[in-house]
Amino acid sequence: MKKDMTITYEVDGALYINVTNRCTNNCEFCIRKNGDGAYGSDSLWLEREPTEEEILDSVFGRDLSAYREIVFCGYGEPSIRLDVIRSVALRIKEKCPLPVRINTNGHSSLYHGYDTASAFCGAFDCVSISLNTPSPERYDEICHPVRSGSYEAMLDFAREVKKYVPSVLLSVVKDFLTPEELDECHRIADNLGVTLKVRDYIS
Ligand code: SF4
C-alpha cells in the first residue's frame, strides 16, 4: 500500500473512513472540487480502493478511545462498496462501543439494483442522507446525478432505511438554497419523521 493513502482521518473528534472515490453524483458544492482533503486531512484521493483488511488495520491502528464516533464518509459515496462497509462496520461493532454513522447520497438501492435498506441494520447507528434540494429538478441542477430518478430513489431509501437504523437524518447545504427551498426541505424531513441537518458550504 502506498504510504500516503489516507484510509482514516480525524474530523472534530470523530474518526472518518474513506473507502472509495467513486460517486454517483457530481455536486456543485462537493468538497472535492476545492482541494485534495477534508478538514485539514492529507489527500483523500485513493491510489486504489482499500481492502476490508486494510480498512480494519487503519481503524484498529488508532486509539479508538480518543473518538466520539466512527463515520463512513468520502471522498466518494461509501455505499457503492456496500458489502465491504457493512462487514467493516460489523467488525468494528464487535470490538468497540462507538456509534457508527454513514454519510451517504442515498443512492445505494438505485446503484445496486435492489432494496439495500436492510443491509444497514445492526451495522450503522445513524444514516445521514444528503437531501440537498426540495425537488428532483433542483437536484439534477445542483447534484448532477449519473442516473435519472436519483432524487426519488434517495427519498425511497430514506423511507426504507428508517425501518432498520435507530437514527436517520437528511442534510442540506444552506448556501445553495433559497429560504423558500430550505422551508420545503424542512417539510420533507418532517413528513418523513426525520431531522434535517442544515450545514454551511465548505469552501
Ligand atoms: S454525493 Fe458527496 S462525494 Fe458525491 S459529489 Fe456529492 S458531495 Fe461529492
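1. A pocket here is an open set of grid points, on a 1 Å grid over the protein atoms alone, with protein on both sides within 12 Å along at least five of seven lines. The model is a predicted one. The space that the ligand takes up is the largest pocket.

2. Which residues are around the ligand? They are Cys23, Asn25, Asn26, Cys27, Cys30 and Asn105. Three of its residues are nonpolar and three are polar. None is charged.

3. Turn to helix α2. It covers residues 82-95, which is 14 residues. From the first C-alpha to the last, α2 reaches 20 Å. That is close to the 20 Å expected at 1.5 Å a residue.

4. Which residues of α2 are buried? Leu82, Val84, Ile85, Val88, Ala89 and Ile92 are. Seen down the axis of α2, these buried residues fall within an arc of 160°, so they line one face of the helix. An α-helix has 3.6 residues a turn, so residues three or four places apart point the same way.

5. Now the other side of α2. The face turned away from the buried side carries Asp83 and Glu94, and these residues are exposed.

6. Is serine 135 buried or exposed? Its relative accessibility is 16%, so serine 135 counts as buried, because the cut-off for buried is under 20%. Serine 135 lies in a loop, between β5 (126-130) and α4 (136-143).

7. Check the backbone at aspartate 12. Its phi is near 50°, a positive value in a residue other than glycine. Aspartate 12 sits in the loop between β1 (8-11) and β2 (14-17). With a relative accessible area of 68%, aspartate 12 is exposed. The cut-off for exposed is over 50%.

8. Histidine 144 is not a glycine, yet its phi is positive, at about 45°. Where is histidine 144 placed? It is in the loop between α4 and α5 (150-161). Its relative accessible area is 34%, so histidine 144 is partly exposed.

How values were computed: Residues numbered from 1 in each chain as written. Predicted model: local features only at pLDDT ≥ 70, side-chain atom pairs only at ≥ 80, totals over all residues. Heavy atoms only, no water. Near = heavy atom within 4 Å. 1 Å grid on protein atoms, 1.4 Å probe; cavity = no way out; pocket = protein on both sides within 12 Å on 5 of 7 lines; lining within 4 Å. Sits in = over half its atoms within 2 Å of the grid points. Nonpolar A, V, L, I, M, F, W, Y, C, P; charged D, E, K, R; others polar. Helix = DSSP H or I, 4+ residues; strand = E, 2+ residues; numbered from the N terminus. Expected span 1.5 Å × (residues − 1). Buried < 20%, exposed > 50% of the residue type's maximum accessible area, 1.4 Å probe, protein only. Arc of directions from axis to C-beta.
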